[in-house]
Amino acid sequence: MELGVSHHLFATASAESFDFNFKSTNIKFSSSSFLSKFYLVGLQSSRIVSASASSVSGSSADYSEQLLDGQTKQKVKTIAGIDQDELVDPSVLADPDSCFCEFKGVQIHHKVYEPESKEAAESLQSQNMSHPVKKIGLPMILLHGFGASVFSWNRVMKALAEVTGSKVLAFDRPAFGLTSRLNFWEQLASGNGDAKPLNPYSMAFSVLATLYFIDFLGAEKAILVGHSAGSLVAVNSYFEAPERVAALILVAPAILAPRAVQKVEGNQMGEDNKINEENSDSNSQGNPFIQLCNMLSEFAKLVLQAITRVVKGMTDMLNSLYKKFLSAILRSAFAVMLVRMIIDKFGLAAVKNSWHDSNKVTEHILHGYTKPLRTKNWDKALLEYTAAMLTNTEPESKPRLSNRLHEISCPVLIITGDNDRLVPSWNSEWLSRAIPGSCFEVIKHCGHLPHEEKEDEFVSVVQKFLQRAFGNGDSLKEQYCAS
(Lines give C-alpha, C1' and ligand atoms only; values in the text may rest on other atoms or scores of the structure.)
Protein backbone atom coordinates (compact mmCIF):
# COMPACT_ATOMS: atom_id res chain seq x y z
CA MET A 1 0.00 0.00 0.00
CA GLU A 2 1.55 3.46 -0.32
CA LEU A 3 1.51 2.58 3.24
CA GLY A 4 4.62 4.11 4.64
CA VAL A 5 4.68 0.84 6.64
CA SER A 6 7.18 1.27 9.43
CA HIS A 7 9.98 -0.89 8.09
CA HIS A 8 10.06 1.14 4.89
CA LEU A 9 11.67 3.90 6.91
CA PHE A 10 14.76 1.73 7.09
CA ALA A 11 14.39 0.04 3.70
CA THR A 12 14.70 3.25 1.72
CA ALA A 13 17.10 5.10 4.00
CA SER A 14 20.14 3.52 2.34
CA ALA A 15 18.70 4.48 -1.04
CA GLU A 16 18.61 8.21 -0.26
CA SER A 17 15.15 8.46 1.29
CA PHE A 18 14.32 10.03 4.61
CA ASP A 19 12.34 9.36 7.76
CA PHE A 20 8.63 9.67 7.15
CA ASN A 21 6.67 11.80 9.56
CA PHE A 22 4.13 9.95 11.71
CA LYS A 23 3.62 12.72 14.29
CA SER A 24 0.15 13.58 13.03
CA THR A 25 -1.08 10.04 12.57
CA ASN A 26 -3.25 7.94 14.81
CA ILE A 27 -1.04 4.91 14.41
CA LYS A 28 0.14 3.81 17.85
CA PHE A 29 1.59 0.62 19.28
CA SER A 30 -0.96 0.69 22.05
CA SER A 31 -2.59 -2.70 21.80
CA SER A 32 -1.68 -5.05 24.58
CA SER A 33 -2.70 -7.98 22.42
CA PHE A 34 -0.24 -6.89 19.75
CA LEU A 35 2.57 -6.62 22.28
CA SER A 36 1.67 -10.01 23.69
CA LYS A 37 1.82 -11.58 20.24
CA PHE A 38 5.13 -9.83 19.56
CA TYR A 39 6.57 -11.18 22.84
CA LEU A 40 5.38 -14.74 22.29
CA VAL A 41 6.61 -14.85 18.70
CA GLY A 42 9.95 -13.44 19.85
CA LEU A 43 10.35 -16.21 22.42
CA GLN A 44 9.44 -18.90 19.92
CA SER A 45 11.74 -17.64 17.20
CA SER A 46 14.85 -16.51 19.09
CA ARG A 47 16.51 -19.87 18.60
CA ILE A 48 15.73 -19.86 14.90
CA VAL A 49 16.97 -16.30 14.37
CA SER A 50 20.23 -17.16 16.09
CA ALA A 51 20.73 -20.26 13.95
CA SER A 52 19.98 -18.45 10.70
CA ALA A 53 22.30 -15.56 11.56
CA SER A 54 25.19 -17.94 12.14
CA SER A 55 24.83 -19.63 8.77
CA VAL A 56 23.78 -16.96 6.32
CA SER A 57 26.27 -17.85 3.60
CA GLY A 58 24.71 -21.08 2.38
CA SER A 59 21.34 -22.70 2.40
CA SER A 60 20.71 -20.82 5.62
CA ALA A 61 18.76 -18.29 3.59
CA ASP A 62 15.80 -20.66 3.86
CA TYR A 63 12.97 -19.34 5.96
CA SER A 64 12.61 -21.21 9.23
CA GLU A 65 9.39 -22.89 8.30
CA GLN A 66 9.26 -24.99 11.45
CA LEU A 67 8.01 -21.92 13.29
CA LEU A 68 5.02 -21.69 10.99
CA ASP A 69 3.43 -24.78 12.49
CA GLY A 70 -0.24 -25.62 12.45
CA GLN A 71 -0.99 -23.73 15.64
CA THR A 72 0.52 -20.48 14.37
CA LYS A 73 -1.25 -20.76 11.03
CA GLN A 74 -4.57 -21.15 12.80
CA LYS A 75 -3.99 -17.93 14.72
CA VAL A 76 -3.26 -15.91 11.56
CA LYS A 77 -6.30 -16.51 9.37
CA THR A 78 -6.61 -13.00 7.96
CA ILE A 79 -4.23 -10.11 7.32
CA ALA A 80 -5.86 -6.70 6.91
CA GLY A 81 -9.12 -8.54 6.31
CA ILE A 82 -7.64 -10.82 3.61
CA ASP A 83 -8.00 -14.58 4.10
CA GLN A 84 -4.55 -16.19 4.26
CA ASP A 85 -5.68 -19.82 4.03
CA GLU A 86 -6.05 -19.86 0.25
CA LEU A 87 -3.32 -17.76 -1.34
CA VAL A 88 -3.05 -17.90 -5.14
CA ASP A 89 -0.67 -17.09 -7.98
CA PRO A 90 -0.72 -13.39 -8.93
CA SER A 91 -1.98 -14.14 -12.45
CA VAL A 92 -5.23 -15.49 -10.97
CA LEU A 93 -6.00 -12.02 -9.61
CA ALA A 94 -5.38 -10.22 -12.91
CA ASP A 95 -7.83 -7.60 -14.20
CA PRO A 96 -9.29 -7.77 -17.71
CA ASP A 97 -6.77 -5.16 -18.89
CA SER A 98 -3.80 -6.74 -17.09
CA CYS A 99 -0.76 -7.86 -19.07
CA PHE A 100 2.26 -9.97 -18.11
CA CYS A 101 5.70 -10.21 -19.62
CA GLU A 102 8.87 -12.01 -18.54
CA PHE A 103 11.97 -10.01 -17.67
CA LYS A 104 15.00 -11.80 -16.26
CA GLY A 105 12.88 -14.68 -14.99
CA VAL A 106 10.22 -12.47 -13.38
CA GLN A 107 6.64 -12.29 -14.64
CA ILE A 108 5.97 -8.55 -14.49
CA HIS A 109 2.40 -7.33 -14.29
CA HIS A 110 1.70 -4.15 -16.23
CA LYS A 111 -1.01 -2.15 -17.94
CA VAL A 112 -0.83 -0.01 -21.07
CA TYR A 113 -3.21 2.74 -22.15
CA GLU A 114 -3.31 4.53 -25.49
CA PRO A 115 -5.13 7.72 -26.53
CA GLU A 116 -8.71 6.74 -27.28
CA SER A 117 -9.32 8.94 -30.30
CA LYS A 118 -8.57 12.29 -31.84
CA GLU A 119 -12.00 13.57 -30.77
CA ALA A 120 -11.41 12.56 -27.15
CA ALA A 121 -8.01 14.23 -27.14
CA GLU A 122 -9.47 17.48 -28.52
CA SER A 123 -12.24 17.39 -25.91
CA LEU A 124 -9.73 16.97 -23.06
CA GLN A 125 -7.58 19.80 -24.42
CA SER A 126 -10.53 22.19 -24.65
CA GLN A 127 -11.41 21.48 -21.01
CA ASN A 128 -7.93 22.05 -19.61
CA MET A 129 -6.34 24.60 -21.96
CA SER A 130 -7.69 27.80 -23.50
CA HIS A 131 -5.62 27.50 -26.68
CA PRO A 132 -4.64 24.75 -29.12
CA VAL A 133 -2.25 22.20 -27.65
CA LYS A 134 0.58 20.54 -29.50
CA LYS A 135 0.81 16.79 -28.96
CA ILE A 136 3.86 15.71 -27.00
CA GLY A 137 4.14 12.30 -28.69
CA LEU A 138 6.32 10.84 -25.94
CA PRO A 139 5.35 7.67 -24.03
CA MET A 140 5.13 7.76 -20.26
CA ILE A 141 6.12 5.16 -17.65
CA LEU A 142 4.54 5.30 -14.19
CA LEU A 143 6.45 4.01 -11.16
CA HIS A 144 4.43 3.32 -8.02
CA GLY A 145 5.51 3.87 -4.42
CA PHE A 146 6.28 1.44 -1.63
CA GLY A 147 3.42 -0.95 -0.96
CA ALA A 148 1.44 0.37 -3.92
CA SER A 149 0.93 -1.07 -7.40
CA VAL A 150 -0.48 -0.33 -10.85
CA PHE A 151 -3.80 0.17 -9.07
CA SER A 152 -2.52 3.46 -7.68
CA TRP A 153 -2.38 4.93 -11.23
CA ASN A 154 -5.79 3.71 -12.42
CA ARG A 155 -7.48 7.10 -12.07
CA VAL A 156 -5.03 9.00 -14.28
CA MET A 157 -3.65 6.57 -16.87
CA LYS A 158 -6.27 7.26 -19.55
CA ALA A 159 -6.10 11.02 -19.04
CA LEU A 160 -2.30 11.02 -19.20
CA ALA A 161 -2.44 9.03 -22.44
CA GLU A 162 -4.62 11.77 -23.94
CA VAL A 163 -2.28 14.48 -22.62
CA THR A 164 0.84 12.90 -24.08
CA GLY A 165 -0.82 11.62 -27.26
CA SER A 166 1.11 8.41 -26.73
CA LYS A 167 1.12 5.20 -24.70
CA VAL A 168 1.20 5.25 -20.91
CA LEU A 169 2.51 2.17 -19.11
CA ALA A 170 2.53 1.28 -15.42
CA PHE A 171 4.11 -1.87 -13.98
CA ASP A 172 4.38 -3.59 -10.62
CA ARG A 173 7.90 -3.91 -9.28
CA PRO A 174 8.85 -7.23 -7.63
CA ALA A 175 7.35 -7.62 -4.12
CA PHE A 176 4.36 -5.47 -5.06
CA GLY A 177 1.11 -5.77 -6.97
CA LEU A 178 0.65 -8.84 -9.16
CA THR A 179 4.26 -9.32 -10.28
CA SER A 180 5.55 -12.80 -9.45
CA ARG A 181 7.35 -13.35 -6.14
CA LEU A 182 10.64 -15.21 -6.48
CA ASN A 183 12.73 -16.61 -3.64
CA PHE A 184 16.01 -15.04 -4.64
CA TRP A 185 18.05 -16.57 -1.82
CA GLU A 186 16.95 -20.06 -2.70
CA GLN A 187 18.15 -19.44 -6.25
CA LEU A 188 21.41 -18.02 -4.94
CA ALA A 189 21.97 -20.99 -2.62
CA SER A 190 21.30 -23.47 -5.43
CA GLY A 191 24.34 -22.10 -7.26
CA ASN A 192 22.97 -22.56 -10.76
CA GLY A 193 25.37 -20.91 -13.15
CA ASP A 194 28.69 -19.22 -12.52
CA ALA A 195 27.52 -15.60 -12.51
CA LYS A 196 25.68 -14.18 -9.54
CA PRO A 197 22.06 -13.57 -10.57
CA LEU A 198 20.56 -10.12 -10.36
CA ASN A 199 18.41 -9.72 -7.27
CA PRO A 200 14.88 -8.98 -8.55
CA TYR A 201 14.16 -6.98 -5.38
CA SER A 202 17.13 -4.66 -5.86
CA MET A 203 17.18 -1.10 -7.15
CA ALA A 204 19.36 -2.24 -10.05
CA PHE A 205 16.63 -4.63 -11.21
CA SER A 206 13.95 -1.93 -11.00
CA VAL A 207 16.12 0.42 -13.06
CA LEU A 208 16.79 -2.20 -15.74
CA ALA A 209 13.09 -3.10 -15.83
CA THR A 210 12.21 0.58 -16.35
CA LEU A 211 14.63 0.85 -19.26
CA TYR A 212 13.30 -2.45 -20.63
CA PHE A 213 9.79 -1.02 -20.77
CA ILE A 214 11.03 2.00 -22.75
CA ASP A 215 12.20 -0.52 -25.36
CA PHE A 216 8.96 -2.45 -24.89
CA LEU A 217 7.05 0.65 -25.99
CA GLY A 218 9.28 0.96 -29.04
CA ALA A 219 10.56 4.36 -27.97
CA GLU A 220 13.94 6.02 -27.81
CA LYS A 221 12.90 8.17 -24.86
CA ALA A 222 10.12 8.22 -22.30
CA ILE A 223 8.79 10.48 -19.57
CA LEU A 224 9.28 8.84 -16.18
CA VAL A 225 6.74 9.56 -13.46
CA GLY A 226 7.71 8.30 -10.01
CA HIS A 227 5.58 8.43 -6.88
CA SER A 228 7.20 8.37 -3.43
CA ALA A 229 9.78 5.52 -3.48
CA GLY A 230 9.11 5.20 -7.21
CA SER A 231 10.84 8.56 -7.59
CA LEU A 232 14.06 6.85 -6.51
CA VAL A 233 13.67 4.41 -9.38
CA ALA A 234 12.96 7.24 -11.81
CA VAL A 235 16.02 9.28 -10.82
CA ASN A 236 18.31 6.24 -10.72
CA SER A 237 17.03 5.25 -14.18
CA TYR A 238 17.94 8.73 -15.40
CA PHE A 239 21.50 8.43 -14.11
CA GLU A 240 21.79 4.94 -15.62
CA ALA A 241 20.71 6.11 -19.08
CA PRO A 242 20.05 9.89 -19.28
CA GLU A 243 19.66 9.71 -23.03
CA ARG A 244 16.55 7.52 -22.59
CA VAL A 245 14.71 9.91 -20.24
CA ALA A 246 12.87 12.84 -21.80
CA ALA A 247 11.59 14.29 -18.51
CA LEU A 248 11.14 13.43 -14.85
CA ILE A 249 7.93 13.97 -12.89
CA LEU A 250 8.43 13.26 -9.19
CA VAL A 251 5.28 12.99 -7.08
CA ALA A 252 5.73 13.26 -3.29
CA PRO A 253 9.30 12.06 -3.87
CA ALA A 254 10.85 9.99 -1.07
CA ILE A 255 14.31 11.32 -1.85
CA LEU A 256 16.45 13.00 0.77
CA ALA A 257 16.94 16.59 -0.32
CA PRO A 258 20.09 18.50 0.66
CA ARG A 259 19.25 21.44 2.93
CA ALA A 260 21.68 23.74 1.17
CA VAL A 261 22.94 23.82 -2.41
CA GLN A 262 26.63 24.51 -2.36
CA LYS A 263 28.25 26.02 -5.44
CA VAL A 264 31.96 25.42 -5.64
CA GLU A 265 34.07 27.63 -7.86
CA GLY A 266 36.55 25.00 -8.92
CA ASN A 267 38.85 27.21 -11.02
CA GLN A 268 39.17 29.84 -8.31
CA MET A 269 39.98 27.17 -5.73
CA GLY A 270 42.61 25.70 -8.00
CA GLU A 271 44.27 29.08 -8.58
CA ASP A 272 44.27 29.85 -4.84
CA ASN A 273 45.86 26.47 -4.05
CA LYS A 274 48.51 27.01 -6.71
CA ILE A 275 49.42 30.43 -5.28
CA ASN A 276 49.60 29.04 -1.74
CA GLU A 277 51.83 26.18 -2.87
CA GLU A 278 54.19 28.57 -4.66
CA ASN A 279 54.44 30.83 -1.60
CA SER A 280 55.08 27.80 0.63
CA ASP A 281 57.87 26.51 -1.61
CA SER A 282 59.62 29.88 -1.74
CA ASN A 283 59.54 30.25 2.06
CA SER A 284 60.89 26.76 2.74
CA GLN A 285 63.94 27.06 0.49
CA GLY A 286 67.07 27.59 2.55
CA ASN A 287 65.29 27.08 5.88
CA PRO A 288 66.28 23.69 7.46
CA PHE A 289 63.68 24.01 10.22
CA ILE A 290 60.81 24.38 7.74
CA GLN A 291 62.19 21.53 5.63
CA LEU A 292 62.34 19.27 8.71
CA CYS A 293 58.74 20.19 9.60
CA ASN A 294 57.66 19.38 6.06
CA MET A 295 59.36 15.98 6.23
CA LEU A 296 57.69 15.19 9.58
CA SER A 297 54.38 16.35 8.17
CA GLU A 298 54.70 14.03 5.17
CA PHE A 299 55.66 11.14 7.48
CA ALA A 300 52.61 11.84 9.67
CA LYS A 301 50.41 11.82 6.58
CA LEU A 302 51.74 8.41 5.57
CA VAL A 303 51.13 7.01 9.07
CA LEU A 304 47.63 8.48 9.09
CA GLN A 305 46.88 6.99 5.67
CA ALA A 306 48.05 3.57 6.87
CA ILE A 307 45.87 3.79 9.99
CA THR A 308 42.93 4.95 7.87
CA ARG A 309 43.32 1.94 5.56
CA VAL A 310 43.37 -0.44 8.53
CA VAL A 311 40.32 1.19 10.12
CA LYS A 312 38.50 1.17 6.78
CA GLY A 313 39.27 -2.52 6.36
CA MET A 314 37.88 -3.27 9.82
CA THR A 315 34.84 -1.09 9.13
CA ASP A 316 34.19 -2.87 5.82
CA MET A 317 34.47 -6.25 7.54
CA LEU A 318 32.09 -5.22 10.35
CA ASN A 319 29.71 -3.72 7.82
CA SER A 320 29.73 -6.97 5.85
CA LEU A 321 29.03 -9.01 9.00
CA TYR A 322 26.27 -6.60 9.99
CA LYS A 323 24.60 -6.95 6.59
CA LYS A 324 24.81 -10.73 6.72
CA PHE A 325 23.33 -10.78 10.21
CA LEU A 326 20.61 -8.34 9.17
CA SER A 327 19.80 -10.45 6.12
CA ALA A 328 19.47 -13.52 8.31
CA ILE A 329 17.11 -11.71 10.68
CA LEU A 330 14.95 -10.43 7.85
CA ARG A 331 14.72 -13.89 6.29
CA SER A 332 13.78 -15.62 9.52
CA ALA A 333 10.33 -16.92 10.39
CA PHE A 334 10.21 -14.32 13.15
CA ALA A 335 10.46 -11.53 10.58
CA VAL A 336 7.73 -13.15 8.47
CA MET A 337 5.40 -13.20 11.46
CA LEU A 338 6.36 -9.65 12.41
CA VAL A 339 5.66 -8.20 8.95
CA ARG A 340 2.31 -9.98 8.93
CA MET A 341 1.38 -8.42 12.26
CA ILE A 342 2.50 -4.96 11.14
CA ILE A 343 0.47 -5.13 7.92
CA ASP A 344 -2.52 -6.52 9.80
CA LYS A 345 -2.35 -3.89 12.53
CA PHE A 346 -1.46 -0.78 10.55
CA GLY A 347 -1.94 -1.52 6.83
CA LEU A 348 -5.44 -0.11 6.36
CA ALA A 349 -4.77 2.80 8.72
CA ALA A 350 -1.68 3.75 6.71
CA VAL A 351 -3.66 3.83 3.47
CA LYS A 352 -6.22 6.18 5.03
CA ASN A 353 -3.44 8.29 6.55
CA SER A 354 -2.02 8.87 3.07
CA TRP A 355 -5.07 10.95 2.16
CA HIS A 356 -5.80 14.50 3.25
CA ASP A 357 -9.43 13.50 3.75
CA SER A 358 -9.52 9.90 4.94
CA ASN A 359 -13.33 9.89 4.66
CA LYS A 360 -12.90 9.68 0.88
CA VAL A 361 -11.08 6.35 1.12
CA THR A 362 -13.69 3.88 -0.12
CA GLU A 363 -13.87 0.11 0.20
CA HIS A 364 -12.89 -0.09 -3.48
CA ILE A 365 -9.64 1.75 -2.72
CA LEU A 366 -8.87 -0.41 0.32
CA HIS A 367 -9.55 -3.53 -1.75
CA GLY A 368 -7.16 -2.34 -4.44
CA TYR A 369 -4.36 -1.91 -1.93
CA THR A 370 -4.96 -5.17 -0.05
CA LYS A 371 -5.56 -7.35 -3.12
CA PRO A 372 -1.84 -8.33 -3.40
CA LEU A 373 -2.10 -9.84 0.10
CA ARG A 374 -3.94 -12.73 -1.57
CA THR A 375 -0.82 -13.76 -3.53
CA LYS A 376 1.50 -16.57 -2.51
CA ASN A 377 4.66 -15.53 -0.65
CA TRP A 378 3.69 -11.85 -0.48
CA ASP A 379 5.15 -11.61 3.03
CA LYS A 380 8.48 -13.22 2.16
CA ALA A 381 8.82 -11.07 -0.97
CA LEU A 382 8.26 -7.93 1.09
CA LEU A 383 11.07 -8.99 3.41
CA GLU A 384 13.30 -9.81 0.43
CA TYR A 385 12.71 -6.28 -0.85
CA THR A 386 13.54 -4.80 2.56
CA ALA A 387 16.71 -6.90 2.82
CA ALA A 388 17.78 -5.86 -0.68
CA MET A 389 17.38 -2.18 0.17
CA LEU A 390 19.12 -2.40 3.55
CA THR A 391 22.05 -4.46 2.30
CA ASN A 392 22.41 -2.60 -0.99
CA THR A 393 26.11 -2.10 -1.79
CA GLU A 394 25.54 0.35 -4.64
CA PRO A 395 25.89 3.51 -2.54
CA GLU A 396 29.38 2.34 -1.53
CA SER A 397 30.61 2.29 -5.12
CA LYS A 398 28.67 5.27 -6.50
CA PRO A 399 28.25 8.88 -5.38
CA ARG A 400 25.31 9.56 -3.11
CA LEU A 401 22.19 10.43 -5.03
CA SER A 402 21.78 13.71 -3.14
CA ASN A 403 25.23 14.75 -4.37
CA ARG A 404 24.28 14.18 -8.02
CA LEU A 405 20.94 15.96 -8.20
CA HIS A 406 22.56 19.04 -9.72
CA GLU A 407 23.65 16.89 -12.68
CA ILE A 408 20.07 16.33 -13.86
CA SER A 409 19.60 18.30 -17.08
CA CYS A 410 16.23 17.09 -18.40
CA PRO A 411 12.97 18.91 -17.56
CA VAL A 412 11.85 18.07 -14.01
CA LEU A 413 8.50 18.61 -12.31
CA ILE A 414 8.04 17.99 -8.57
CA ILE A 415 4.47 17.70 -7.24
CA THR A 416 3.47 17.49 -3.59
CA GLY A 417 0.35 17.76 -1.47
CA ASP A 418 0.21 20.52 1.13
CA ASN A 419 -0.90 18.02 3.77
CA ASP A 420 1.40 15.10 3.02
CA ARG A 421 1.93 13.35 6.34
CA LEU A 422 4.42 10.80 4.98
CA VAL A 423 6.75 12.90 2.83
CA PRO A 424 6.65 16.52 4.05
CA SER A 425 6.15 19.16 1.37
CA TRP A 426 9.19 21.10 2.60
CA ASN A 427 11.44 18.23 1.55
CA SER A 428 9.98 18.34 -1.96
CA GLU A 429 10.64 22.08 -2.06
CA TRP A 430 14.27 21.55 -1.03
CA LEU A 431 14.57 18.86 -3.66
CA SER A 432 13.36 21.27 -6.34
CA ARG A 433 16.03 23.75 -5.28
CA ALA A 434 18.72 21.09 -5.62
CA ILE A 435 17.74 20.28 -9.23
CA PRO A 436 18.57 23.18 -11.57
CA GLY A 437 15.58 24.52 -13.50
CA SER A 438 13.08 22.14 -11.88
CA CYS A 439 9.44 23.12 -11.43
CA PHE A 440 7.66 22.82 -8.11
CA GLU A 441 3.89 22.55 -7.65
CA VAL A 442 1.85 22.22 -4.43
CA ILE A 443 -1.69 20.85 -4.66
CA LYS A 444 -3.93 22.24 -1.94
CA HIS A 445 -5.97 20.08 0.42
CA CYS A 446 -4.08 17.00 -0.70
CA GLY A 447 -2.11 14.28 1.04
CA HIS A 448 0.53 11.81 -0.12
CA LEU A 449 -1.40 10.63 -3.19
CA PRO A 450 -2.13 13.60 -5.50
CA HIS A 451 -2.77 11.30 -8.49
CA GLU A 452 -5.52 9.54 -6.52
CA GLU A 453 -6.98 12.23 -4.26
CA LYS A 454 -6.81 15.17 -6.69
CA GLU A 455 -6.54 13.45 -10.07
CA ASP A 456 -7.99 16.31 -12.15
CA GLU A 457 -5.60 18.89 -10.68
CA PHE A 458 -2.74 16.41 -11.00
CA VAL A 459 -3.37 15.83 -14.71
CA SER A 460 -3.76 19.57 -15.30
CA VAL A 461 -0.41 20.32 -13.64
CA VAL A 462 1.31 17.58 -15.65
CA GLN A 463 -0.25 18.82 -18.91
CA LYS A 464 0.85 22.38 -18.28
CA PHE A 465 4.38 21.25 -17.48
CA LEU A 466 4.68 19.08 -20.58
CA GLN A 467 3.38 21.82 -22.85
CA ARG A 468 5.93 24.26 -21.49
CA ALA A 469 8.69 21.66 -21.76
CA PHE A 470 7.93 20.22 -25.19
CA GLY A 471 5.01 22.07 -26.75
CA ASN A 472 6.70 25.44 -27.27
CA GLY A 473 10.15 26.59 -28.19
CA ASP A 474 10.50 29.08 -25.34
CA SER A 475 12.46 28.42 -22.20
CA LEU A 476 10.69 26.13 -19.73
CA LYS A 477 12.33 27.82 -16.80
CA GLU A 478 11.27 31.32 -17.91
CA GLN A 479 7.68 30.38 -18.75
CA TYR A 480 6.76 28.04 -15.96
CA CYS A 481 9.31 27.88 -13.19
CA ALA A 482 10.20 31.54 -12.68
CA SER A 483 9.54 32.58 -9.12
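**The sheet and its helices**

Analyst: Phenylalanine 103 stands opposite valine 106 in strand 4. This is a predicted model, where local features need pLDDT of at least 70, side-chain atom pairs count only at pLDDT 80 or more, and totals for chains, interfaces and linings use all residues. Residues are numbered from 1 along each chain as its sequence is written, and side-chain values use heavy atoms, leaving out hydrogens and water.

User: How do strand 3 and strand 4 run?

Analyst: Strands here are DSSP E runs of at least two residues, and helices are H or I runs of at least four, numbered from the N terminus. Two strands pair if DSSP finds at least two bridges between them. Five bridges join strand 3 to strand 4 (residues 106-113), and the two run antiparallel.

User: Which strands stand at the edges of the sheet?

Analyst: Eight strands make an open, mixed sheet in the order 3-4-6-5-7-8-9-10. Two of them each have a single partner strand, so one side of each lacks a neighbour in the sheet: strand 3 (99-103) and strand 10 (439-443).

User: Is helix 11 parallel or oblique to helix 12?

Analyst: Helix 11 (residues 333-353) and helix 12 (residues 363-370) have axes that come within 11 Å and cross at roughly 125°. Under 35 degrees counts as roughly parallel, over 145 as roughly antiparallel, 65 to 115 as roughly perpendicular and the rest as oblique. That makes helix 11, relative to helix 12, oblique.

User: Which residues of helix 12 does helix 11 meet?

Analyst: Contact means heavy atoms within 4.5 Å. From helix 11, Leu348, Val351 and Lys352 meet Ile365, Leu366, Tyr369 and Thr370 in helix 12.

Technical notes: Axes are lines fitted to C-alpha atoms, for helices over the stretch in contact, and angles run from 0 to 180 degrees between N-to-C directions.
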